[in-house]
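Hi,

Here's the structure I promised to pass along.

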Amino acid sequence: MEETLRCDALPVTVSAPSELDDMDQLVRVYRARIFRYVLLSVRDRDLAETVTQDCFVRAYRARGRYRAECSVSTWLIKIATNLIRDHARRRGFQFWRTANVFSIDVPGIADRLASGQVSPEAGLVAQDRLRCVWRIVDSLSENQKKVFLLRFVEEMEISEIAEVTTMKVNTVKSHLHRALAAVRAGMSEARL
Amino acid sequence: MKQGHLSPWQMEELIIHEPTAIGRSRARKASDDAREHIETCTLCASNKEQLLKQLGLFRDSAVLAASLADRQVPISLPTRSWAFWTLASAAKWGLAFALLLAAFVPILLQQQHNVDQKAEHRVADQIARDNLLLEQVDETIAGSVPQPLESLNDLGSYENSSTGEAAAQGSR
C-alpha cells in the first residue's frame, strides 16, 4: 500500500532538513505516541508493539514517497491506522492466538493522577468517574472509539482525523457528537 | 438554545472545537452565539468545564496507562535495500521448497521400487504357473498318445538327426 497522503486542506511548510532524514530521531520523538494510539485501539500489548515496529519500518521504506503535505505525526498515525485494520483482518483467521489483553488499572491510575493531593472521598469519586468514562469509551463503536481517541487523547484536528481515517469531516464530527453524547449520558446516569 | 441554555449539540460542538492542550490555533470556532452564551451563563460554563475536566482526566489516564504498559521495545529498522529483502525472501521460500522435496523424494522412490518389485513377483509367478501348465499338458499328451504312435513324438527332433536313422527307427 502506498503511504502517501494528499492533505489538500492542510498546506504545511516543512523546514529543511526533513524530519525523515534522521529516522532514529523520528523513532525517539514519535514512538511513544504511536504505541499509545495503537495500544488503546487494539488493547493488546504484544500486538501494539508489533504494529508500532511495523509502522516505523513501513515509514522508513516509504520515506522517499512522503510529500510533506501533512505533518509527519499525521502520516505516521495514518500508517498505524492502516496496520491496525490489516492486523484486525488477519486476526479473524488466527483463532488459536490468545490476546495479551491490556486492561486499565483504574484505582492505580487514579491514585497516581491524584498523587495524594485529594481527600480519600474525592479520590473515590475520581475513580468512579474514571471507571465510568472508560466503560463508556469501551462500549463505543469502532469508528466512534477511533475518532474519540484521536481527538481527545491524541488531540488531532478534525481535518487531520478525517485524513487519517479516510472519513469525511462531517462523518468525523457525527461520530464525535455521538461519542460525547454517550459520555455525557453515561456520566449523568451514574450521577457523577 | 433551549430555555436560555446551550443545547447538548451546541455543548458538544464547543467541546469538539475546543483548542487542544498543546495550543493549536487552527481550531475552527463554534458558533459565536454559543461562545458568547458560555461567557455569560455560569451553568453552561460549569457544565462545559466539568465535561472538559472529565475528558482531560480520561486523556491523562490513557497517557499514563500507556506509558506504564510501554516496555520500550527498541525499533529495529531495515538496513538493507528492498531488493535485498525480496531476494532474501525468495531464497527462503526456495530453500523451504527444496527441503520439502528432499523429504518427499526418497519416499516416492521407495514407493516406486515397491511397485516394481511387486510387478516382478507377479511376472515370476505367472511364468511358474505357465511352466507348470505346460508340464501338465505334456503329461496329458504323452498319456493320451497310443504306444505305437509314440515315435511320432520324436518328430520334433527329426531335423536334428540323420534321415536314414530316423526312418529305420520309424519302420521298427
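This is a predicted model: local features need pLDDT of at least 70, side-chain atom pairs count only at pLDDT 80 or more; totals for chains, interfaces and linings use all residues.

First, the helix pair. In chain B, the axes of α1 (residues 8-16) and α3 (residues 42-69) come within 11 Å, with a crossing angle of roughly 50 degrees. That angle is why α1(B) counts as oblique to α3(B). As for handedness, α1(B) and α3(B) make a right-handed crossing. On the α1(B) side, the contact is made by Met11(B), Leu14(B) and Ile15(B); facing them in α3(B) are Cys44(B), Asn47(B), Lys48(B), Leu51(B), Leu52(B) and Leu55(B). Sorted by type, the residues of this contact are seven nonpolar, one polar and one charged.

Next, α5 of chain A. This helix covers residues 120-139, so 20 residues, and spans 29 Å from first C-alpha to last, close to the 28 Å expected at 1.5 Å a residue. Its buried residues are Gly123(A), Gln127(A), Leu130(A), Cys132(A), Val133(A), Trp134(A), Ile136(A) and Val137(A). What sits over them? The cover for the buried residues of α5(A) includes α1 (23-42), α4 (106-114), α6 (142-152) and α8 (169-189) of chain A, along with α3 of chain B.

Last, one residue from α1 of chain A: Tyr30(A). Tyr30(A) counts as buried because its relative accessibility is 14%, and the cut-off for buried is under 20%. Tyr30(A) and Phe56(A) are 26 residues apart along the chain, with 9.5 Å between their C-alpha atoms.

Cheers

Technical notes
Residues are numbered from 1 along each chain as its sequence is written. Chains are lettered from A and ligands numbered from 1 in the order in which they are written. Side-chain values use heavy atoms; hydrogens and water are left out. Axes are lines fitted to C-alpha atoms, for helices over the stretch in contact, and angles run from 0 to 180 degrees between N-to-C directions. Helices (H or I, at least four residues) and strands (E, at least two) are DSSP runs, numbered from the N terminus. Angles under 35 degrees count as roughly parallel, over 145 as roughly antiparallel, 65 to 115 as roughly perpendicular and the rest as oblique. A crossing is left-handed if the near helix is turned anticlockwise from the far one by less than a right angle, and right-handed if clockwise. Contact means heavy atoms within 4.5 Å. Ala, Val, Leu, Ile, Met, Phe, Trp, Tyr, Cys and Pro count as nonpolar, Asp, Glu, Lys and Arg as charged, and the others, Gly among them, as polar. Buried means under 20% relative accessible area, exposed over 50%, partly exposed in between (1.4 Å probe, protein chains only).
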